[in-house]
Amino acid sequence: MAEFRRAGDEQVNVFEIDETYLFKHYFDDADVFDRLKRYYNNQQYRFEVPTDAFEELRSFLAEHGYGLVVVDAVAEFAVVVKKYTEHPENIFKRSVIHRSVDGYNAFLMTDQPAVDRATREGAIRLTNTDFENPF
């Protein structure tokens, strides 16, 4: 993973999926959110930033105390749950994207604590399965 720009930055994990940078985070500063809202997908509750706009947005957020960290090891943040079974609490809220694969729902989680919670509640880490990475 990339390093922070400043020691005081709040880390926000970002995932490059299908040539778009995806992340979820609550920005309580109205000016910051105003700058980001054109990238906000209201249906998916996430930010979707095209590759050509990412570095400029990353610099802007760094100036406001947020360190966007592009995650290289995407599979480390992914969990799967068998379709049509009970899902861990808040898995949709704490996932950036989900896809269906071979009778399972695969979720890409926002951070390691979200992965840990989902696995405690019955999800399986993608790295512990025979699935190809769907992300």
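Let's start with a contact: Arg117 makes a salt bridge with Glu121, and their closest N and O atoms are 3.1 Å apart. By salt bridge I mean a side-chain nitrogen of Lys or Arg within 4 Å of a carboxyl oxygen of Asp or Glu.

Before we go on, please remember that this is a predicted model, where local features need pLDDT of at least 70, side-chain atom pairs count only at pLDDT 80 or more, and totals for chains, interfaces and linings use all residues. Residues are numbered from 1 along each chain as its sequence is written, and side-chain values use heavy atoms, with hydrogens and water left out.

Back to Arg117. Its side chain also meets that of Glu89 in a salt bridge, at 3.6 Å from N to O. This pair links distant parts of the chain, 28 residues apart: Glu89 is in the loop between β6 and β7, and Arg117 is in helix α3, residues 112–120. Helices (H or I, at least four residues) and strands (E, at least two) are DSSP runs, numbered from the N terminus. Together, Glu89, Arg117 and Glu121 are linked in a network of salt bridges.

How open are these residues? I call a residue buried under 20% relative accessible area, exposed over 50%, and partly exposed in between, using a 1.4 Å probe and protein chains only. Glu89 counts as exposed because its relative accessibility is 53%. Arg117, at 26%, counts as partly exposed, and so does Glu121, at 34%.

How many salt bridges are there by this rule? The count comes to nine. Another of them joins Lys37 to Asp34, with the closest N and O atoms 2.9 Å apart. Lys37 is partly exposed at 46%, and Asp34 is partly exposed at 44%.

Now for the strands. Find the open sheet of four strands, in the order β7-β8-β6-β9, with antiparallel pairing. Two strands pair if DSSP finds at least two bridges between them. β7 (95–101) and β9 (124–125) stand at the edges with a single partner strand each, so one side of each has no neighbour in the sheet. Further in, β6 (residues 78–82) and β8 (residues 104–109) run antiparallel and are joined by five bridges. If you want a place to look, Ala78 stands opposite Leu108 in β8.

Next, look at strand β5, residues 66–70. Is it enclosed or open to the outside? Five of its five residues are buried, so β5 is largely enclosed by the rest of the structure. Here is a handy rule: in a regular strand the side chains alternate between the two faces of the sheet. In β5, Tyr66, Leu68 and Val70 point one way, while Gly67 and Val69 point the other way, and all are buried. Strand β1 (residues 10–17) pairs with β5 in the parallel sense over five bridges, and Glu10 stands opposite Tyr66 in β5.

I'll finish with two residues in loops. Which loop holds Glu19? Glu19 lies in the loop between β1 and β2, and although it is not a glycine, it has a positive phi of about 60°. At 65% relative accessibility, Glu19 counts as exposed. Tyr84 also has a positive phi, near 65°, and is a residue other than glycine. You can find Tyr84 in the loop between β6 and β7, where it counts as exposed at 80%.
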